[in-house]
Amino acid sequence: METKVYTAEEIAEKILQDCPGKPETKDWQNPKMHECHWQGDVGFVMVKSVTENGIPGSGPGCELRSYSTEAVNEKDFTGQLAEGETLGARHIIAPSDRSKVRVYRLTGATALDGYVLDVLAPIEVTHPEHGHVFLHEGTYRCRHQRMYADELRRVLD
Amino acid sequence: MKIEHEVKNGMDDIKMSDMTDQEIAELSTFIIKWRDRALHPPTENKFEEAEKIIRELCKVVKLEGNLKIVECQSPKHLATIHSKDSENPSKVQGTTLFNLMTDCVTLAVKEFVQSKGVELKSPVFDLFGKLADCVCAAYLTDDNTFYLMAFPTVLRFDDRIRFHSETGPAFLFPDGYGEYYHHGFKIDKRLVTEPESITLEEIRSETNAELKRIKIDRYGGGTNKGGGVAKYLRDSKAKVIDVDTHTHNGTRAVISIGEGRDEQRYLNVADPSSARIYYMEIPPATMTCQEADVWLAGDMQVAQVGRT
């Protein structure tokens, strides 16, 4: 079978052509252990609980053994799961859903580890550019996308 | 449709539920009407009339005391008058009483429920409607001063109604204060007015993913001047290392720019929601899109079930 060889310009054009380019709300029903849904540069990985059975893998913050967390004070939590450098309210737990989730910080979190969310009833995580995501009951570890740098850093948008 | 209506703190509180598709379509027509009002505001400011409306509003919501009302020409002007810090308009402490850009939906809902026979008890929404003809916004700051904001003279958006202009400020106020945006992202004036000044080295060293993407997009004068992504890839002599199609991430490619110790590799991928092409830098030894994807996810071994 002949494989087409693309130039960088052609492939950029093809990537754009193949892209749907419209935000779609994801209602992530029946999530399974260690499945991940990405909303832009933030991933939600389903884990067993706020202290047990973390993220599998060989990277920073990945380990399957139990881990420790501390609860985030409601007054200190704005609902934003990742702060960016540019303007806009992104990765926000909808204000009406804040009472449906308990939020924890991972002890010894790496730059790629975000909040741990213990979702008690479905919540909506909104974003002005990416599609909104409905997370159903369960525990999720937020995970940031890695940026290429000398030290471990997360992507900032 | 079920409408729950009560008056709270001098204002009508309306909750709608169980709307039919027909009712949603009707509401949409009111929203589009008011959204267009916000996108094409009047050219004349009526500060005196706005002041009378504000004083009437204060009586309704029982906001008493010695209120000062001040006209201002832009957010920067407000910051200068209020806190003497014109560099930080966003740091002015206070409450937005009314803002045409955001309250256009409230005004649309008000007209929609009235069309369904609901009689509003409070005059607040009517006063907001009148205010929309006079000024762009009204802010109440922490020292009991109302600032009435003039309408912007320029407002430019892209087809998704995000602030955007490739030729000048995306919004401009009468006193000359404006800001520059690229599809909703605030950027430096230079990237809009002098895109020819963007260099390959500047793109190479940009660490912010959005700004890198915007600089590539504007490189060589932007797409309207034969620049943009294609020129950037040509000028940087980009080579394709790997291409694949992922169920959730679409078509993607590993590309290489530069040679030897200067080589940089990127996962070239589009965001499925915004159709923006990103160049995510990855280690130079990366050979496949899958390897790049795993690296960017911090070497997690998990099953990706979606991307929005």
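Modeller: A crossing of helices is left-handed if the near helix is turned anticlockwise from the far one by less than a right angle, and right-handed if clockwise. Helices here are DSSP runs (H or I, at least four residues), numbered from the N terminus. The model is predicted, so local features need pLDDT of at least 70 and side-chain atom pairs pLDDT 80 or more, while totals for chains, interfaces and linings use all residues. Residues count from 1 along each chain as written, chains are lettered from A and ligands numbered from 1 in written order, and side-chain values use heavy atoms, without hydrogens or water.

Colleague: At what angle do α2(B) and α5(B) pack?

Modeller: About 165°, between axes fitted to C-alpha atoms over the stretch in contact, on a scale from 0 to 180 degrees between N-to-C directions. Helix α2 of chain B covers residues 47-60, α5 covers 124-131, and their axes are 10 Å apart. The angle makes the pair roughly antiparallel (over 145 degrees). Their crossing is left-handed.

Colleague: Which residues of α2(B) and α5(B) meet?

Modeller: Contact means heavy atoms within 4.5 Å. Among them, Ile53(B) and Leu57(B) in α2(B), and Leu127(B) and Phe128(B) in α5(B), take part. The contact residues divide into 9 nonpolar, no polar and 2 charged.

Colleague: How many disulfides are there over all chains?

Modeller: A disulfide is a covalent bond between the sulfur atoms of two cysteines. With sulfurs required to lie within 2.5 Å, the count is 0. The sulfur of Cys62(A) is 11 Å from that of Cys36(A), its closest, which is too far for a bond. For Cys134(B), the nearest cysteine sulfur, in Cys136(B), is 12 Å away.

Colleague: Is Cys134(B) buried or exposed?

Modeller: Buried, at 0% relative accessible area; the term means under 20%, with exposed over 50% and partly exposed in between (1.4 Å probe, protein chains only). Cys62(A) is also buried, at 12%.

Note on methods: Helices (H or I, at least four residues) and strands (E, at least two) are DSSP runs, numbered from the N terminus. Angles under 35 degrees count as roughly parallel, over 145 as roughly antiparallel, 65 to 115 as roughly perpendicular and the rest as oblique. Ala, Val, Leu, Ile, Met, Phe, Trp, Tyr, Cys and Pro count as nonpolar, Asp, Glu, Lys and Arg as charged, and the others, Gly among them, as polar.
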